[in-house]
Amino acid sequence: NVTVLGDNDYPTPAISSAKLSDSGSSIVITFDTDTNRANIVDLNFPCALIFFFKGVHSTYCNWISSAIVKADFNPSNISDSLFPMPGDEVGLKACNLTSVLCSGSSACPQIKVALEVEGTRVLPPDHPIRPTVLLNVPGSLSTCDSLLVDASMSTGAGGRRWLSVKWDAEMFALDRNEPATMLLEILKRSGDDISKAITIPQLQAAKYILSLTVTNQFGQSNSQSVYFEVVDQSSSLLLTFSILSPPIVVMTPKDALRLYASITPSLCAKNNIDTRYAWRVLDSTFGPVVISDRSGDKTSFALDPFSLRPQTIYTVEFTVTSSESYTQSVAVHVLDGDVVIVITGGYNRFIQRTDALIIDASSSYDENNPSAAAASSDSTLKCQWSCEYVDYESYGQVCDPLVNTISTILQLSLIHI
């Protein structure tokens, strides 16, 4: 479409698109041309000054550029049911001062004030956020204690209520398994609200598997299952304990590992219980690994960086023992680290043709093995250099014969280039 305008006539800016961010916590509104930013100089301003959309009166905007506005939702101010969703309308209010930008920061000589017309429809995120479910329950507890189910640290709802929250629970007792009916009934009473921990009265002695599946308003789902045991109050275990961690921890060798255990005396516990705590690490063959715990505290476990091998799955167990032993564990997945290239002096140089060029990469290192620095005599790192011209006349041509070396230090005499 081509519209021919008069010398002093200028088009009215229009919203070309409005798209939810991947997290769902904001909308990016784009105009079809640069604007005068509605003469707004504040960094943040009420979106209701120039826009209309669901929840606009509790939403603040900021100009990313002269043609792009970001509207951030504040869930503490309004009900999440008022947040815009894909397909909802976003438009310009009547009598706002948004006009096309002619030059510099001045508005056009003839200001066109946008009228309130049918707005554009909100587009869904390009990559909708996927939920992360963090379900925390004790590993073991007594029949005289209440169970605390905490999924409040789960993320990925995009600042809105969950579209669906589904609980599932099974109990295993006396060589049979059956639905944990009472547990499920109490959990389902909370509906789609998992923002607070849920207390379950005393459960019967059995082993349980509890699962939670959440789906956000963008149709993305995720699940987590946890195992716990309820023991009879006549048992020697008279406390409730758990490892405060997701069931799977993902890390690289350069990361430190720290785990904590929560231990609470049972309501039916007696004083002066002789209880011992122990941590241990098993490798993927379930063989014990001798590793020094640096925490200095029996209820926490700490490993220094580079204590674990890459491409290995470990199991870290926490065991509580009185006359019997009870154990909870987490899986630790150690991924490959990166090879980090370090060029001494930076990555851009300006030198004369008569100067020697020295590029030193001897400080490069392997994140899987800190002792294998490129400069060390027994390093497993090998260097390969390449060279390419980027000037106009020789663009794209290779100059590799000049850098034919596996040394970590490259020295060139540019007089030959």
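Colleague: Is D72 buried, partly exposed or exposed?

Modeller: D72 has a relative accessibility of 28%, so it counts as partly exposed. Keep in mind that this is a predicted model.

Colleague: Which side chain does D72 meet in a salt bridge?

Modeller: That's K70, with an N to O distance of 3.7 Å. K70 has a relative accessibility of 31%, so K70 counts as partly exposed.

Colleague: How many salt bridges does the structure hold?

Modeller: There are 6. One of them joins the side chains of K19 and D126, at 2.8 Å from N to O. K19 is in strand 1 (residues 15-20), while D126 is in the loop between strand 10 (120-123) and strand 11 (140-142), so this pair ties together parts 107 residues apart in sequence.

Colleague: And K19 itself, buried or partly exposed?

Modeller: Partly exposed, because its relative accessibility is 28% and the buried class stops under 20%.

Colleague: What about E317, which partner does it have?

Modeller: The side chain of E317 meets that of R280 in a salt bridge of 2.9 Å, N to O. E317 sits in strand 24 (residues 312-321) and R280 in strand 21 (residues 276-282), so the bridge ties together parts that are 37 residues apart in sequence.

Colleague: Where do those two fall, buried or partly exposed?

Modeller: One of each. E317 is at 15% relative accessibility, so it counts as buried. R280 has a relative accessible area of 43%, which means it is partly exposed.

Colleague: Let's switch to the fold. What does the secondary structure come to?

Modeller: The protein chain has 1 helix and 29 strands. It has 417 residues, and 41% of them count as buried. If you take contacts between residues at least 6 apart in sequence, 63% join residues at least 24 apart.

Colleague: Then tell me about helix 1. Which of its residues are buried?

Modeller: L183, L184, I186 and L187. Looking down the axis of helix 1, the buried residues fall within an arc of 165°, so they line one face of the helix.

Colleague: What covers those buried residues?

Modeller: Several strands are part of the cover, among them strand 12 (147-149), strand 13 (164-173) and strand 15 (198-200). Strand 16 (206-215) and strand 17 (221-231) are included too.

Colleague: And K188, is that buried or exposed?

Modeller: K188 is exposed, because its relative accessible area is 53% and the cut-off for exposed is over 50%. K188 belongs to helix 1, which spans residues 181-188. The C-alpha atom of K188 is 7.1 Å from that of W167, and the two residues are 21 apart along the chain.

Colleague: How many of the lining residues are nonpolar, polar and charged?

Modeller: The lining of the second largest pocket has 8 nonpolar, 7 polar and 2 charged residues.

Note on methods. Residues numbered from 1 in each chain as written. Predicted model: local features only at pLDDT ≥ 70, side-chain atom pairs only at ≥ 80, totals over all residues. Heavy atoms only, no water. Helix = DSSP H or I, 4+ residues; strand = E, 2+ residues; numbered from the N terminus. Buried < 20%, exposed > 50% of the residue type's maximum accessible area, 1.4 Å probe, protein only. Arc of directions from axis to C-beta. Contact = heavy atoms within 4.5 Å. Salt bridge = Lys/Arg side-chain N within 4 Å of Asp/Glu carboxyl O. Nonpolar A, V, L, I, M, F, W, Y, C, P; charged D, E, K, R; others polar.
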